[in-house]
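Open the model in your viewer and keep the selection tool at hand. The stops below say what to select and what is there.

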Amino acid sequence: MKKYGLIALLPFFFAYLNAQNTTYWQQKVHYEMEIDVDAKNFQYKGKQKLTYFNNSPDTLQVVFYHLYLNAFQPNSEMDFRLQSIADPDRRMVKNLGTAENPVYESRIAKLKPNEIGYINVKSLKQDGIAVEHTTEGTILKVKLNKPIPPKSKGVFTMEFDAQVPVMIRRTGRNNPDGVALSMAQWYPKIVAYDYRGWHPTEYIGREFYGVFGDFDVKITIDKNYVLGGSGTLINADEIGFGYEKQGVILPKTKERTKTWHFVASNVHDFTWAADPQFKHDKITLNDGKTFHFLYKTEVENWKKIQPKLVETFELFNNLVGKYPWERYSFIQGGDGGMEYAMCTLLVGGANYDDLLGTAVHELAHAWFQHAINTDEGSYAWMDEGFTSFIEDLAMALVINPTKNETNPFEGSYKRYFRLIKSGWEEPATTHADRFQRNFAYSVMAYSKGTLFLTQLGYIIGEQNLIKTLQQFYKEYALKSPHPNDFVRVAEKVSGMQLGWFLNEFISTTHTVDYAIESVKAKGKKTEITLRRIGALPLPVDLFVVDKSKKVTYCYIPLRMQFGEKSNPYQYERKVFPAWGWATPTYTFEIDVPFEELHGVEIDPSEMTIDINRQNNSFTNQ
């Protein structure tokens, strides 16, 4: 009974459905950038030409840019957040106290002028004419000389100076792994605009939201540096970077610098890293796409993870949909793990299991965040939760296949129950930056986001859940969907109504708690009364076992779902009338005399997030 059926079902559901979304629009961008890097002083100068395509029905009077590196300065919003939150990210603070009584000091607060990060916009023009702009923290506001009407474009040219900060989080120089430059969030990036308007959120260290488009980036740097990142290197022969061979071939030249020319299409970010000692491995996959690994330490572990990541890639291709770009790079970046377009930056590698687990998670983000570009700040539970869901399946099917008999999502259940007991839960609709505790945010995004899918699978059936993921990817890959888009796909696949579930699970902190209130004889039958104690409703899977060990599966759907899932068990099933949400109790009869009854149990497979399983069973003494 404890076996989690989804793993057994997966091979049968790698198929797509047919449907189209005809009302969707999204903006588009085209970046051309030339960057001149002074690696010795960790500074660079940039020229950027941005062509912005307004595909919205709105006339734009202003535009906004992100200047993420400005967060790494004393008295920034990120600095103040580290000083005020109860449980700051420990990578970003120094503990002046003890483990039992910590006293945290923001590492940003102590940065010196030559250690901070910044992006200073020196000039900005709209269609060749200087335009008024102001910088506030990490946001640049541009008051347009002329509006950009619907179905038209504007061209912005910019010159800027920047400094790479000491590595605090995700981006920076000379990180603990010794990598010289980890260049994430490094350029002036246009703010996302969708049906809700602009999203000029101050950067405090959490999530991102970008605009799909094309990048043409030339990076000039000391000739001894090796680069990897988003996009395809189109001048490998010219600069002597031998992607066709193992390792790096440095050309013989008297020039002090080289220019690396990358292009990337249909991505919403561009990231790179550089170090003179990067080693490079290349693997050609079955579909002709390529994996690239750039690393400088822990060589054995970096090589050992490669075949497992190839297997994982194939699983994700079958489970969700085909990876849309021609390559993917795993780069030693020196700080945790973070997903970027066509690549990830990973920390260290001293622990093989940690390196592999992080790499699997970040690779999963290539589907859920970079192919399907949700607003991570507003819907972190979709980004991290959907990613964690397929990561957990990969860990069970590819990385640790001997553990298939257990629930692969067990960790998410445990963390969620811990959060409930803590009393710190906030609705998943809370913006990622606004949670009162990092712990609450983390569990909401990763664990509750995963459980959104496990509970949906419980409601509509695991087969329909996989079909929903596949159809969602088919409709929204290379787009920026919202939660209701996913639920509408699930409704079409399952034939059920599911808006209530999105509201209850995401917009509230309601919990699930169903109880067996009474079991008693009623003539030659047995009468069972259930009570819904928790405010979050779910259909009920209930199992009746008689003294001959015969098992009967009793299914009670919710009235508001207007449908039934298929029988996921091998036992005979009896479907009872739907349970209305406003009715706190539900009474029904089974064709088993009370004296022949052995026991009754709600959800013995423990698929639901019922917070009190002590009241889920009855044994006839």
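**Stop one: H7 and H9**

Select helix H7 (residues 380–399) and H9, which pack at an angle of about 65 degrees with their axes 7 Å apart. This is a predicted model, in which local features need pLDDT of at least 70, side-chain atom pairs count only at pLDDT 80 or more, and totals for chains, interfaces and linings use all residues. Residues are numbered from 1 along each chain as its sequence is written, and side-chain values use heavy atoms, with hydrogens and water left out.

Helices (H or I, at least four residues) and strands (E, at least two) are DSSP runs, numbered from the N terminus. Axes are lines fitted to C-alpha atoms, for helices over the stretch in contact, and angles run from 0 to 180 degrees between N-to-C directions.

H7 passes H9 in a right-handed crossing (left-handed if the near helix is turned anticlockwise from the far one by less than a right angle, right-handed if clockwise). Contact means heavy atoms within 4.5 Å. On H7, show the contact residues, including Trp-381, Phe-386 and Phe-389; on H9, they include Tyr-441, Met-444 and Phe-452. The residues of this contact divide into 10 nonpolar, five polar and two charged (Ala, Val, Leu, Ile, Met, Phe, Trp, Tyr, Cys and Pro count as nonpolar, Asp, Glu, Lys and Arg as charged, and the others, Gly among them, as polar).

**Stop two: H9 and H11**

The crossing of H9 past H11 is right-handed. Phe-452, Leu-453, Leu-456 and Ile-460 of H9 make the contact with Phe-486, Val-487, Ala-490 and Ser-494 of H11. By class, seven of the residues in the contact of H9 with H11 are nonpolar, one is polar and none is charged.

Next select Glu-491, also placed in H11. Is Glu-491 buried or exposed? Glu-491 has a relative accessible area of 10% and is therefore buried (buried means under 20% relative accessible area, exposed over 50%, partly exposed in between, with a 1.4 Å probe and protein chains only). Leaving aside residues up to four places away in sequence, Glu-491 touches Met-496, Gln-497, Leu-498 and Gly-499.

**Stop three: the core**

A nonpolar core is a set of buried Ala, Val, Leu, Ile, Met, Phe, Trp, Tyr and Cys residues joined through side-chain atoms within 4.5 Å. Which members of the largest core, of 190 residues, touch the most other members? They are Trp-272 and Phe-452. Helix H9 (residues 438–460) gives this core its largest share, 13 residues. Another core, of five residues, lies apart from it; Phe-543 and Tyr-569 are among them.

Centre on Trp-272: beyond four places away in sequence, its contacts include Val-37, Leu-181, Met-183, Trp-186 and Ile-219.

**Stop four: two loop residues**

Select Phe-42, in the loop between strand E1 (28–38) and strand E2 (43–54). Phe-42 has a positive phi of about 60 degrees although it is not a glycine, and is buried, with a relative accessible area of 17%.

Then go to Glu-606, in the loop between strand E32 (597–602) and strand E33 (617–619). Glu-606 is not a glycine either, yet has a positive phi of about 55 degrees; at 37% relative accessibility, Glu-606 counts as partly exposed.
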